[in-house]
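Here are a few notes to read with the model open. Could you look them over?

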Amino acid sequence: MTLPSIRSGIAALVILLTWFLSAPNSFAQYQQTPPPANSGSQPQTPKDGQAAPALAAPKADPEEEAAYKAFTDTKVEDADKRIQLGEAYIQKYPSGKYVEPVYQGLTTAEYSKQDFAKMYADADKTLAANPDDVTVLVLVGWVIPHNYDPNDLAAESQLDKAEKYEKHALEVLAALPKPANMTDEQFAKVKAQGESQAHSGLGLIYFRRQNYEQSIAELKKSTADPGNQDATDYYVMGVELTRLKRFSESADAFAKCAAMPGALAERCKQMGADAKKQAAAAPAPSK
């Protein structure tokens, strides 16, 4: 079964998470106090029990700073320009101080272009630099089960990878401190969207494995917040509940899917009607 490739609200999630996760990088940049000038020709050696004097932080390269600023100033929606500027930065500064956020930005831009091969490659580079990059963990863990090909020899290992990413993303989200440049409301919204997306990814992973009960449990979590509900998740739940012969619940899931504008609305409306007929025809449970 083919699933829609774009989840409702994921573009907004990428924007929010990208903004959110760029904050720690800026907070991490600080200048150490330079050591006092040494009057002698030889460097001072710290005495036993004394800390070594702090070293002066290397001066920022104005050209690198400008290249990174041009990249971050480009709107997330302008994927082509972000890719152009990001690749130019990586080519010129392959060991630059902003390699991780640039690779992260490339990953999300390539997702919006549906260039999955490049997205996966740059996601690997992002996570090599920072295994806790929750934007990439959530996004890639969600994309993999959407593009699942059971005939691919690496299909199961890819699902394992996606499951690992989403579970780790939930751990990272649970422990994230609130950045100073965000309000409590903004922070709560970003975390809720990230958690919803991660649970959606896990639900789709378990759906691909035909572990329907576990999938339904995750999809119920992904749709628990009215502000983060998605038609695809309700559609998958409806399919699973139908296969489990829980027709009344299936009809309810399809009804929620059908109530959401989009490509799935008409299909869910018809499948919901079928589920209602099956519920009505099902024998009453024995007493």
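The points below cover some helix contacts and one histidine.

1. A word on the basis: this is a predicted model, where local features need pLDDT of at least 70, side-chain atom pairs count only at pLDDT 80 or more, and totals for chains, interfaces and linings use all residues. Numbering runs from 1 along each chain as its sequence is written, and side-chain values use heavy atoms, with hydrogens and water left out.

2. Take α10 (residues 231-243) and α12 (residues 265-281): their axes come within 11 Å and cross at roughly 25 degrees. Axes here are lines fitted to C-alpha atoms, for helices over the stretch in contact, with angles from 0 to 180 degrees between N-to-C directions; helices are DSSP runs (H or I, at least four residues) numbered from the N terminus. So α10 is roughly parallel to α12 (angles under 35 degrees; over 145 is roughly antiparallel).

3. On the α10 side, Tyr235, Val239 and Thr242 meet Arg267, Cys268, Met271 and Gln278 of α12 (contact means heavy atoms within 4.5 Å).

4. With α11 (residues 247-258), the α10 axis comes within 8 Å and crosses at roughly 160 degrees, which means that α10 is roughly antiparallel to α11. Among the residues making this contact are Tyr234 and Leu241 of α10 and Phe247 and Phe254 of α11.

5. Now His199, in helix α8 (residues 184-208). His199 counts as buried because its relative accessibility is 14% (buried is under 20% relative accessible area, 1.4 Å probe, protein chains only). Setting aside neighbours within four places in sequence, His199 touches Leu170, Glu218, Lys221 and Ser222.

Key: Helix = DSSP H or I, 4+ residues; strand = E, 2+ residues; numbered from the N terminus. Parallel < 35°, antiparallel > 145°, perpendicular 65-115°, else oblique. Buried < 20%, exposed > 50% of the residue type's maximum accessible area, 1.4 Å probe, protein only.
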